[in-house]
Amino acid sequence: MAEEGSVRSLSCPACGGTIAMRAAGYTVTLACEYCGTLIDATDPAARIITRYNEIQASLAIPLGTRGTLRGVEWEVIGWLQRSDGWVIWDEYLLFNPYAGYRWLIAQNGQWSLGTMLTSAPQRDGPDQIVGSRRFTPFYGGNTARVMRVAGEFYWRVKPGEEVRASDFVRPGFMLSLEQDDREKSWTISELLTGREIRAAFDVDPPPVWIPGMTPLAHQPSPYVRRIKGWWPIAALSFVVLLVLLSLFGRTMQPQTFSLSATPDGPTVTQTFGPIVLPLGKQAMTVEAFTPSVEQGWVDIDISFVNRKTQDSYDAYALNERYSGRDSDGYWSEGARSQTLKVASLPAGTYDLVVDAQAHHWGSSGNWAFDASSATYKAEGLLPIEVNLMVARGARFATNFWLALLMILVPPLLMLILHIMFENARLAQKDGSSADADDWLQGMQSP
Amino acid sequence: MQSVACPTCGAEVVFRSPALPVRVCDYCRTLVVRYNQDAQGQVTENGGEAAVLPFDISPIQIGTEGNCFDQDFQIIGRVRWAWDDGAWNEWLMLLADGSHAWLGEAMGQFMALREVELTGSLAQVIRRLMNDTPVKPGESGNIAGQSYEVADIRTVRCIGCEGELPFTAPVGWDALSVDFRNRDGRCASFQKDRHGPSLYVGHHMNLASLQPRHLRQLPGWSLPAYG
């Protein structure tokens with residue numbers, strides 16, 4: 001409350017309550033904060049304009065409260081409750097004799113600071129431009145009506161007073177045009193952060209948006225900052241992932257073994273070793289390469305058998321190669337090389353047991369009837385060499401993709417929430433429903 | 001600076017501006033009018049009495065200094081005007097080059113205005129105002145090379161004055177006041193009273209942009225850093 005000297009007090013001619021006039025010389029209308037009666041402040045006798053007997057609402061910010069916003073100390077001197085028929089909002093008139101007037105607009109628990117413009121914005125198609133800020137139309141042609149009033153105002157305000165209102169928005173800001181038959185006025189209001197408004201006037205913090213709530217027309221999507229803030233984290237995580245892969249994903253101490261199998265011959269079984277694994281939970285990579293397989297396939301079964309426990313860890317590869325000539329020319333298909341991965345081998349000494357069986361397909365070579373299997377089998381073909389390279393460690397591509405997905409899930413989730421938020425916000429807008437352009441526009445910085 | 005004795009109470013009345021003919025006596029509120037500024041000295045006359053100004057919470061006072069129109073200024077006078085729905089101050093600035101200009105103060109916003117001559121080719125809207133033909137808000141016209149729009153039209157009444165003034169402004173003096181504004185913050189004002197029509201052009205300002213010094217200290221409020 002200001003000291004004596006700047007504030008003039010008078011008693012309400014209707015209810016006798018003591019009311020303060022804080023902007024003497026500017027104030028035109030004084031609405032008694034106790035009974036709502038409107039008093040003509042330009043008349044030295046404080047004449048009653050309209051008598052009301054309504055108990056005023058308890059205000060979120062009581063009249064006379066001082067608070068510092070953006071480095072300027074403001075006193076709340078007036079309060080209006082207005083409605084456009086759909087929503088109701090509160091407007092507090094702030095005053096500082098050196099800085100003039102501002103508005104504090106409260107709707108859905110969100111607070112905005114409004115400043116009246118002294119010159120009209122620049123028009124550009126349907127948009128309006130103030131300084132370097134572009135505002136797009138949001139709703140137009142509403143009628144805003146004063147419902148209740150308390151405190152003092154620089155014009156003749158009264159319940160029922162109506163203005164035509166049009167709003168233009170950009171994230172965080174709203175540009176409003178209000179006009180009646182006498183004048184047009186433009187106001188820019190800026191959404192205040194919960195911290196700012198709390199620090200200034202100690203009101204409840206604005207609610208956090210959850211799907212299903214209707215945001216304000218100029219409320220910026222809370223997810224934009226998070227999506228934008230996530231990218232450095234995602235990039236860092238990606239780099240860390242690559243580093244981890246190159247550190248721990250590389251293979252070590254390769255050992256090579258080879259054996260050969262005759263096409264359509266018997267299964268060749270051979271044991272190699274020892275393979276010593278000093279670390280627990282070791283992944284193994286086995287590369288099976290059959291450089292000479294042609295018009296046939298090789299089944300390769302491998303098992304790591306622990307010498308102590310006889311536990312067996314198995315993998316299987318099928319190397320094949322077919323080729324020929326047809327109307328399109330030469331063709332070939334099949335892979336002569338396979339990489340097998342065996343995860344999580346306990347520490348220990350292992351033998352590698354390999355079963356390889358080669359088959360031939362096609363008409364080349366000599367064929368002989370094999371009585372035991374009652375089929376023709378090729379004869380006289382060269383044995384096929386099976387080369388095996390065994391190494392510790394393995395790169396599991398699926399792990400990489402899983403990690404990448406986990407890095408991308410949070411921003412994707414936030415993007416979906418952002419789109420939900422923007423759709424809820426733009427559902428109130430005049431004209432067509434929201435599309436990707438609108439979602440992108442909602443990403444703009446204030 | 002010139003000093004004369006008030007014709008009513010004999011107190012010393014100081015004129016800071018050599019050009020302005022009227023000064024309100026600080027003690028008895030007599031409108032002191034000087035004329036015949038020849039070598040012999042001053043002839044003064046009692047031009048009536050100015051009303052006591054009602055209390056207001058304006059940050060400006062006589063003696064406030066600052067910068068406007070690229071010149072230093074000092075506030076030397078004030079006229080307070082009222083209309084049906086409010087009142088505002090017009091502060092008289094004595095500029096460094098000896099000329100004067102007005103600083104209109106309403107709703108915590110300021111308009112710096114300098115008089116321009118009503119000669120040459122005038123916009124139709126100005127000619128109609130001079131001929132007492134009604135105009136409406138929103139009508140536009142060119143003033144001093146800029147396009148303006150009529151913002152409001154009011155019949156105003158002087159409710160008080162203080163300091164030095166370019167004219168006598170007795171209480172109850174009626175005038176027609178028309179404000180114009182344009183898109184880039186410029187404004188203009190047309191006034192017609194018993195002395196005839198006058199036209200002023202200038203621009204909107206806020207207090208900080210006036211770089212003011214010696215602002216009025218208002219109890220309960222701290223002066224801004226620039227004050």
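A:Gln310 is exposed, because 8 other C-beta atoms lie within 10 Å. A:Gln310 belongs to the loop between strand E20 (296-306) and strand E21 (312-326) of chain A. Helices (H or I, at least four residues) and strands (E, at least two) are DSSP runs, numbered from the N terminus. The phi angle of A:Gln310 is near 65°, which is a positive value in a residue other than glycine.

The model is predicted; local features need pLDDT of at least 70, side-chain atom pairs count only at pLDDT 80 or more, and totals for chains, interfaces and linings use all residues. Residues are numbered from 1 along each chain as its sequence is written, while chains are lettered from A and ligands numbered from 1 in the order in which they are written.

Strand E21 of chain A also holds A:Leu318. A:Leu318 is exposed, with 12 other C-beta atoms within 10 Å. Leaving aside neighbours within four places in sequence, A:Leu318 is in contact with A:Trp297 and A:Asp299; two residues are in contact if their C-beta atoms, placed from the backbone, lie within 7 Å. A:Ala356 is 38 residues away from A:Leu318 along the chain, and their C-alpha atoms are separated by 9.8 Å.

Elsewhere in chain A, strand E18 (residues 268-277) includes A:Pro274. The peptide bond between A:Gly273 and A:Pro274 is cis, with omega about -5°. Strand E11 (residues 122-124) of chain A contains A:Arg123, which is exposed, with 10 other C-beta atoms within 10 Å. From A:Arg123 to A:Arg134 there are eleven residues in sequence and 9.5 Å in space, C-alpha to C-alpha.

Two helices of chain A can be taken next. Helix H1 (residues 194-201) contains A:Arg198, a partly exposed residue with 16 other C-beta atoms within 10 Å. Apart from neighbours within four places in sequence, A:Arg198 is in contact with A:Val203 and A:Pro205. A:Arg198 and A:Gly67 are 131 residues apart in sequence, yet 9.6 Å apart in space, C-alpha to C-alpha.

Helix H3 (residues 397-426) of chain A has 30 residues and spans 42 Å from its first C-alpha to its last, close to the 44 Å expected at 1.5 Å a residue. The expected span is 1.5 Å times one less than the number of residues. At A:Val409 the helix H3(A) bends by about 35°, and a proline, A:Pro410, follows within four residues. The bend at a residue is the angle between axes fitted to the seven residues ending there and the seven starting there. The buried residues of H3(A) are A:Met414, A:His418, A:Phe421, A:Glu422, A:Arg425 and A:Leu426.

In chain B, the loop between strand E6 (65-68) and strand E7 (71-83) holds B:Phe69. The phi angle of B:Phe69 is near 50°, a positive value in a residue other than glycine. B:Phe69 counts as partly exposed because it has 17 C-beta neighbours inside 10 Å. Another loop of chain B, between strand E1 (2-5) and strand E2 (12-15), holds B:Pro7. Leaving aside neighbours within four places in sequence, B:Pro7 is in contact with B:Thr30, B:Val32, B:Thr44, B:Glu45 and B:Asn46.

The largest nonpolar core has 51 residues, and B:Trp91, B:Met93 and B:Phe180 are among those with the most contacts inside it. Apart from this core lies another, of 39 residues, including A:Leu80 and A:Tyr154. A nonpolar core is a set of buried Ala, Val, Leu, Ile, Met, Phe, Trp, Tyr and Cys residues joined through C-beta atoms within 7 Å.

Finally, the chains meet: 27 residues of chain A are in contact with 29 residues of chain B. The chain A side divides into twelve nonpolar, eight polar and seven charged residues. Here Ala, Val, Leu, Ile, Met, Phe, Trp, Tyr, Cys and Pro count as nonpolar, Asp, Glu, Lys and Arg as charged, and the others, Gly among them, as polar. The predictor gives the complex an ipTM of 0.87 and a pTM of 0.75.

How values were computed. Buried ≥ 20, exposed ≤ 12 C-beta atoms within 10 Å, placed from the backbone.
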